[in-house]
Amino acid sequence: MLNFDFYNPTHIVFGKDRLNELDELVPKDARVLITYGGGSVKKFGTLEKVSQALGNRPIFEFGDIEPNPKFNTLMKAVDIVKKENIDFLLAVGGGSVMDGTKFINLASNYEGDAKDLLTHGFNPVPVKKAFPIGTVVTLPATGSEMNNGGVISYEGGKFPIFSPLSFPKFSILDPELTYTLPSKQVANGVVDTFIHTVEQYVTYSVDARFQDRTSEGILQTLVEIGKTTIDNPEDYNARANLVWCATMALNGLIGAGVPQDWETHMIGHELTAMFGLDHGLTLAILQPAVWKVRREQKKAKLIQYAQRVWGIADGSDEKIIDQAIDRTETFFQSLGLKTRLTDHGIDETKIPDIIRALEKHGMTALSETGDVTLEVSAQILKEAL
Ligand code: NZQ
Ligand code: ZN
């Protein structure tokens, strides 16, 4: 096992009917900015319940945070934070709202030009203080509710932003708030959680048994409940399991002390930025192709994944890996996702543009060993056609 620090201060408030506890969770004297997206929380009544639970506190609202939140949108909220002396931010929504709110918080507390915050990659941004954030999660997928990261879109690129100050103080996870999701967003959430897990698990072994077994538990749970929670959105237990898997897949636990990949995510971000494909969908398209191209480098872990997650025992190593990749792609398709680039109108002629974008964003040595050059990314994209 590799050396690691594990730090996670987020208080999780999980289960039915917990929204009224906001009154205890948010300081009594807080000036609160509630942030949300394109209106689903208004339409389905969540915003109303949140406002009621906050009682007499001064409340301000900022809506219209779009999926893949944009820098320019978020900077409008920074103006409100400054003008109204906001000292608590409450994100009500999915990953885009949570990530956007983390950015609003950091940018509001940064002395310099907020664009600088986009340039630090996986390193922490140089912000020294921030306000507390709470979240009310309406879409299980990103894990943003219990991690210190966010992804912000700016001029055709998607930029990761990390800060220890971005861990939410609390997150309310009521699975019932997610019942109104369209099935494609639930499918995206299942796949995003799945890929967060394999980015930290299907690498190379460092004999980290707890992390491996926990990852396998998340993956098996997703295989068990993935289709059920799409077909029966109000099956509480299936949805509750998805919500908790999504949070646990990217809160630092399974990634502690193990090598991490993230090539699927980094290439996927370019597909979102260039073609507007949903984040989860890009991952469903790319992951089988990544494993086909890098099957040698990931051989031992792919065999472990095949045996322990899918129960594939017979055949040569190559056959076992082939079956595991096939079963994975079939699983994503069973959720209603189309898993090829050409299904989305992206053909071979677009690959050079995608490669140029990866180059522009410095994504020239991806993966757990840094061996995914632009040439390898091009092979992966070709495999995903
Ligand atoms: O905007 P509204 O009207 O609220 O509608 C949203 C949006 O259109 C809708 N929605 C959310 N909750 C709903 C609902 N519709 C009905 N009922 C509900 N309960 O769903 C749509 C998509 O929402 P979005 O927040 O964009 O989805 P997701 O949670 O998948 O977040 C994607 C973003 O997170 C980033 C992605 O790059 C992308 O920008 N990521 C963040 C990560 C992190 N912070 O750690 C890691 C991830 O890998 C990912 O990169
Ligand atoms: Zn993701």
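1. A salt bridge here is a side-chain nitrogen of Lys or Arg within 4 Å of a carboxyl oxygen of Asp or Glu. The model is a predicted one, and a search of the whole structure finds 21 such salt bridges.

2. Arg295 and Glu318 meet through their side chains in a salt bridge, at 2.8 Å from N to O. Arg295 sits in the loop between H10 and H11, and Glu318 in helix H12 (residues 317-334), so this pair ties together parts that are 23 residues apart in sequence. Buried means under 20% relative accessible area; Arg295 has 18% and is therefore buried. Glu318, at 31% relative accessibility, counts as partly exposed.

3. Lys298 and Glu368 also form a salt bridge between their side chains, at 3.2 Å from N to O. Because Lys298 is in the loop between H10 and H11 and Glu368 in the loop between H13 and H14, the pair ties together parts 70 residues apart in sequence. Both Lys298 and Glu368 are buried. The two residues belong to a network of salt bridges that links Asp261, Glu263, Arg294, Lys298, Glu368 and Asp371.

4. Lys184 and Asp278 make a further salt bridge, with their closest N and O atoms 3.3 Å apart. This pair links distant parts of the chain, 94 residues apart: Lys184 is in helix H6 (residues 183-201), and Asp278 is in the loop between helix H9 (263-275) and helix H10 (279-293). Lys184 is partly exposed, with a relative accessible area of 47%. Asp278 is partly exposed as well, with 22%.

5. How do H7 and H11 pack? Helix H7 (residues 209-231) and helix H11 (residues 299-310) meet at an angle of about 50°, with axes 10 Å apart. The two helices are therefore oblique to each other, and H7 passes H11 in a right-handed crossing. On the H7 side the contact includes Asp212, Arg213 and Glu216; on the H11 side it includes Lys301, Tyr305 and Trp310. The contact residues divide into five nonpolar, two polar and five charged.

6. Ala365 is in the loop between helix H13 (351-360) and helix H14 (374-383). At 48% relative accessibility, Ala365 counts as partly exposed. Leaving out residues up to four places away in sequence, Ala365 touches Gly370 and Val372. The C-alpha atoms of Ala365 and Leu165 are separated by 28 Å, and the two residues are 200 residues apart along the chain.

Definitions and conventions: Residues are numbered from 1 along each chain as its sequence is written. Chains are lettered from A and ligands numbered from 1 in the order in which they are written. This is a predicted model: local features need pLDDT of at least 70, side-chain atom pairs count only at pLDDT 80 or more; totals for chains, interfaces and linings use all residues. Side-chain values use heavy atoms; hydrogens and water are left out. Axes are lines fitted to C-alpha atoms, for helices over the stretch in contact, and angles run from 0 to 180 degrees between N-to-C directions. Helices (H or I, at least four residues) and strands (E, at least two) are DSSP runs, numbered from the N terminus. Angles under 35 degrees count as roughly parallel, over 145 as roughly antiparallel, 65 to 115 as roughly perpendicular and the rest as oblique. A crossing is left-handed if the near helix is turned anticlockwise from the far one by less than a right angle, and right-handed if clockwise. Contact means heavy atoms within 4.5 Å. Ala, Val, Leu, Ile, Met, Phe, Trp, Tyr, Cys and Pro count as nonpolar, Asp, Glu, Lys and Arg as charged, and the others, Gly among them, as polar. Buried means under 20% relative accessible area, exposed over 50%, partly exposed in between (1.4 Å probe, protein chains only).
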